[in-house]
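This report is written for a reader who meets the structure for the first time. Please keep the sequence and the model at hand while reading.

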Amino acid sequence: MLINIAKSSDLRESDVTPESVYLSRRRFMGGVAGLGAGMALSGHVHAASSDYSDVPSGNAPAWLSDKIEAAQWRAVVPSDPNADALTPYDDASHYNNFYEFGTGKSDPARRAGDLETQPWSVVIDGEVNNGGRMALEDVITPSQLEERIYRLRCVEAWSMVIPWLGIPLSDIIERAEPTSKAKYVRFETLVDPAQMPGQRSSFALIDWPYVEGLRLDEAMHPLTLLAVGMYGRELPNQNGAPLRLVVPWKYGFKSIKSIVRISLVEEQPVNSWQAIAANEYGFYANVNPEVDHPRWSQASERRLPNSLFNPNIIDTRMFNGYADEVASLYQGMDLRTHY
Amino acid sequence: MPSLLRLLLAWRIGVFAAACVPLIWWSWQVASQQAGPEPGRFLLLNIGHGALWLLLLTLSLTPLTKLTRWKGFAVIRRQLGLWTLAYAFLHLVCYLLFILGLNWAQLGSEIANRPYIIVGMLALVGLTLLGATSNRFAMRRLGKRWKPLHKLVYPILALVLLHFFWVVRADMREWSLYALIGALLMLLRLPAIARQLPKLRQRLSHG
């Protein structure tokens, strides 16, 4: 399925990719097999999972491998692939926050390896006519996987560029048939202290499960993705396997990982970070260079990887550069109070 | 040279070398690309932790001297205090270089707006004051005022812990550990408890 969000030139399906852009991408892709062949196909860019030949292969179940093989590659790419060059897989998978596995940036990669993600089921409930517990396979299979290269802006003022593989969240919500009472979507992460050492810490401020939420129109927005993979493979455990949210115009903490429950609800959910410190983290958490975190500025960000000689500090963009697509969702709202 | 003096000299040199080791180790990790995608922040955090450890170690020397009567603890007190200052200063340099990117205008607004930056800066100013007055000349000039001046290290510890507290986002375990050690070291200075330390030594050595 092709999504249709090409309203702006900023981020859209690149049906014409200049060769220079193509070549610059090679630096990050390692393998370039099939590039020439891909260009010929139906006018838009095709790549394959073999483009990520330097990315360690995972242990995807057969159904997911099949879905990945049939993915629509490069469905969404940055308008300027030089400015938004892909973050190397090794960095994206070894430097992130997933507090269920500890608060250090390398804790998730060190500790999430044994998380049992097969089988996995997701409960879809609340204000829906067609809910219930579903196997992950049944959640994903009806849709086509799409590869989308999104900027990821962490609330801690660093950022990366990551190629996700997923399906639009709207597909799942539509299939669940929300009732007229459904106004918000609430998400929950797995709670399993035996597998998640961060949940065993008695000093943790988070009241597990980790909870996130979106307004229904945000959840239905075509940019909002439910990811099952990245870099041409299934999600590594530390990045939220087997199912995570990706909302590219919001701070990273909104993109909840290892989802076990999706509920359509009438009231605005209280997300975990808001529950810990409502003056620092709001419900919306839209990337906004003009509204600082009380403890640090949000005007700029460190694009990773960086080095001692080049901290790679760049200006943060309104809605993380997705303003053309999403600004209309917030028309008339004071983003200083709804941060 | 009497053997005790020689031993103490070797001990001081050993402590000096040991205090250099973490800096060399972290630099090597950065140089060999084992510090992750954000090496500047890696140095910032490690050196900050190092400064706090050094401050706690420095503050443990007086109780240890009382408990053991070994001169070795007393002779490294100034050195560890100066190491604390050096690490704290490097921590600031990392912040300026790698987090702010030498954006001085932003530094002004950070100092004006961020409590944890203000508190950290105050602690560093205090440590600098103590470092500057740690030489013999200053000690002589200050005379009786030297000791009360250097009791500033206690509020500095409080400022450093507050600085750290305001950086923590979601898990208080590590901070709690440091705060507990700091509180213990302060307790050992309460006169009623401090008086017990030499007695405890006697009981241990005779027991």
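## The model and chain A

The structure is a predicted model. In chain A the secondary structure consists of ten helices and 14 strands. Chain A has 339 residues, of which 46% count as buried.

The contacts within chain A can also be described by separation in sequence. Where the two residues in contact are at least 6 apart in sequence, 70% of the contacts join residues at least 24 apart.

## The contact between the chains

Chain A contributes 25 residues to the contact, and chain B contributes 17 residues. On the side of chain B that touches chain A, the elements giving two or more residues are helix H2 (39-68) and helix H10 (173-187) of chain B.

## Two packed helices in chain B

Helices H2(B) and H10(B) also pack against each other. Two packed helices are described by the angle between their axes and the distance between the axes. For H2(B) and H10(B), the angle is about 25 degrees and the axes are 10 Å apart. Angles under 35 degrees count as roughly parallel, and H2(B) and H10(B) are therefore roughly parallel to each other. Their crossing is left-handed.

Which residues of the two helices meet? From H2(B) come Leu52(B), Leu56(B), Leu59(B), Ser60(B) and Pro63(B), and from H10(B) come Tyr178(B), Ile181(B), Gly182(B) and Leu185(B). By class, the residues of this contact are seven nonpolar and two polar, with no charged residue.

## Leu161(B) and its surroundings

Leu161(B) belongs to helix H9 (residues 153-165) of chain B. Is Leu161(B) buried or exposed? Leu161(B) counts as buried because 20 C-beta neighbours lie inside 10 Å.

Leaving aside residues up to four places away in sequence, Leu161(B) touches Tyr178(B), Ala179(B) and Gly182(B). Tyr178(B) and Gly182(B) also take part in the meeting of H10(B) with H2(B). Between Leu161(B) and Ser176(B), which are 15 residues apart along the chain, the C-alpha atoms are separated by 9.6 Å.

## Backbone features in loops

Most residues other than glycine have a negative phi, and most peptide bonds are trans. The peptide bond from Trp208(A) to Pro209(A) is cis, with omega near 5 degrees. Pro209(A) is placed in the loop between strand S7 (184-189) and strand S8 (211-215) of chain A. Leu304(A) and Pro305(A) are likewise joined by a cis peptide bond, for which omega is about 0 degrees. The loop that holds Pro305(A) runs between strand S13 (300-303) and strand S14 (313-315) of chain A.

A positive phi is found in Phe319(A), with a value near 50 degrees, and in Leu102(B), with a value near 55 degrees. Phe319(A) is in the loop between S14 and helix H10 (323-326) of chain A, whereas Leu102(B) is in the loop between helix H4 (77-99) and helix H5 (104-113) of chain B. Phe319(A) is buried because 22 other C-beta atoms lie within 10 Å. Leu102(B) is exposed, with 11 other C-beta atoms within 10 Å.

Note on methods: Residues are numbered from 1 along each chain as its sequence is written. Chains are lettered from A and ligands numbered from 1 in the order in which they are written. This is a predicted model: local features need pLDDT of at least 70, side-chain atom pairs count only at pLDDT 80 or more; totals for chains, interfaces and linings use all residues. Two residues are in contact if their C-beta atoms, placed from the backbone, lie within 7 Å. Helices (H or I, at least four residues) and strands (E, at least two) are DSSP runs, numbered from the N terminus. Axes are lines fitted to C-alpha atoms, for helices over the stretch in contact, and angles run from 0 to 180 degrees between N-to-C directions. Angles under 35 degrees count as roughly parallel, over 145 as roughly antiparallel, 65 to 115 as roughly perpendicular and the rest as oblique. A crossing is left-handed if the near helix is turned anticlockwise from the far one by less than a right angle, and right-handed if clockwise. Ala, Val, Leu, Ile, Met, Phe, Trp, Tyr, Cys and Pro count as nonpolar, Asp, Glu, Lys and Arg as charged, and the others, Gly among them, as polar. A residue is buried if 20 or more other C-beta atoms lie within 10 Å of its own, exposed if 12 or fewer, and partly exposed in between; C-beta atoms are placed from the backbone.
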